[in-house]
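Trainee: I would like to learn how to read a fold and its pockets. Can we work through one together?

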Amino acid sequence: MEKLLDFACELACEAGRLIVEEQHQAGSGREFKQGRELVTQADLKADRLICERIGRELPEHLILSEESSPDLANVHLQPQPVWIVDPIDGTVNFAHGHRQSAVSIAWAKDGHIELGAVYNPFTDEMFSALRGHGANLNGKTIGVSNEHELSRALIATGFPYQKTGLKPLIRRLDAVLHNCADIRRLGSAALDICWLACGRLDGYYETLSLWDFAAAGLIAREAGATYGHFSELPKDAHPEFHNEDILITTPALFEPLKRVLSEA
């Protein structure tokens, strides 16, 4: 497992170097999926780099990737190991020259996410974890904050490309602002969750895609965060892989924040 994590970190670093180089090149191409979701040439190049390396070195493994293979269903039921890849989490940040973007790589087997690596090449921060072995930032052990008062908590979230159905999101945002110290919208779900894991944030909630949170969710759990959902799980949903209404907090804040979001 440690060798697989080393492989994931190596891949994330290699892809990270590529996207930094791409950002430095003026006029890097942009496209829009479904007319609204931004994707750059850097996304596609990083995706190709990661997937080709996995395919060459571990051809028996499956890949779920946002850009090249987003349709692999029921990851937790697959008989083969699955790599879960987001070549650039925070593409809008990347395309606008912001530094809050990351490569996210997770590996799942037998219904569990076993390892994760999230690398921000613009700050040279590598978050990583093995299930059952704690979480690290650049090789040093990290843990969540000890915040236990919701009124002092710093909470992060994000918003979808699709602008229909914003009313419940705005209600939740209003409730969080009234009950917590402040809110952040930083533009990379993977890094938001990793920032929670190392104590820079106290809570996070959002509906995501699996590649956004697979690696970071494991890192947060291994750092001591309470991980779950603020709405009832559908029947037969797997709690590690279910993507809707995710809630991750320091242990003392989970139930209070869940109550705030549920009531909103």
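Trainee: What percentage of the 264 residues in the protein do buried residues make up?

Mentor: Keep in mind that this is a predicted model. Buried means under 20% relative accessible area. Here buried residues make up 55% of the 264 residues.

Trainee: What radius of gyration does the protein have, and what would a compact globule have?

Mentor: The protein has 17 Å. A compact globule with 264 residues would have a value near 18 Å, so the two agree. The C-alpha trace spans about 50 × 40 × 35 Å along its principal axes.

Trainee: How many helices and strands are there?

Mentor: Seven helices and 14 strands. Now look at contacts between residues at least 6 apart in sequence: 62% of them join residues at least 24 apart.

Trainee: Which residues lie nearest the centre of the largest pocket?

Mentor: F159, P160, Y161, E206 and T207 do, out of 42 lining residues. The volume of this largest pocket is about 1,000 Å³. Several elements each supply at least two lining residues, among them β4 (82-89), α4 (167-179) and α6 (210-222).

Trainee: How do the residues of that lining divide by class?

Mentor: The lining of the largest pocket has 15 nonpolar, 12 polar and 15 charged residues.

Trainee: And what classes line the second largest pocket?

Mentor: Nine nonpolar and six polar residues, with no charged ones. The second largest pocket holds about 290 Å³ of space. Its lining has 15 residues, and A73, N74, V75, L210 and F241 lie nearest its centre.

Definitions and conventions. Residues are numbered from 1 along each chain as its sequence is written. This is a predicted model: local features need pLDDT of at least 70, side-chain atom pairs count only at pLDDT 80 or more; totals for chains, interfaces and linings use all residues. Side-chain values use heavy atoms; hydrogens and water are left out. On a 1 Å grid over the protein atoms alone, a cavity is a set of points where a 1.4 Å probe fits but cannot get out, and a pocket is an open set with protein on both sides within 12 Å along at least five of seven lines; lining residues have an atom within 4 Å of a point. Grid points are joined across faces, edges and corners, and a volume is the space filled by probe spheres set on the points. Helices (H or I, at least four residues) and strands (E, at least two) are DSSP runs, numbered from the N terminus. Ala, Val, Leu, Ile, Met, Phe, Trp, Tyr, Cys and Pro count as nonpolar, Asp, Glu, Lys and Arg as charged, and the others, Gly among them, as polar. The radius of gyration is taken over C-alpha atoms; the globule rule is 2.2 Å times the number of residues to the power 0.38. Buried means under 20% relative accessible area, exposed over 50%, partly exposed in between (1.4 Å probe, protein chains only). Contact means heavy atoms within 4.5 Å.
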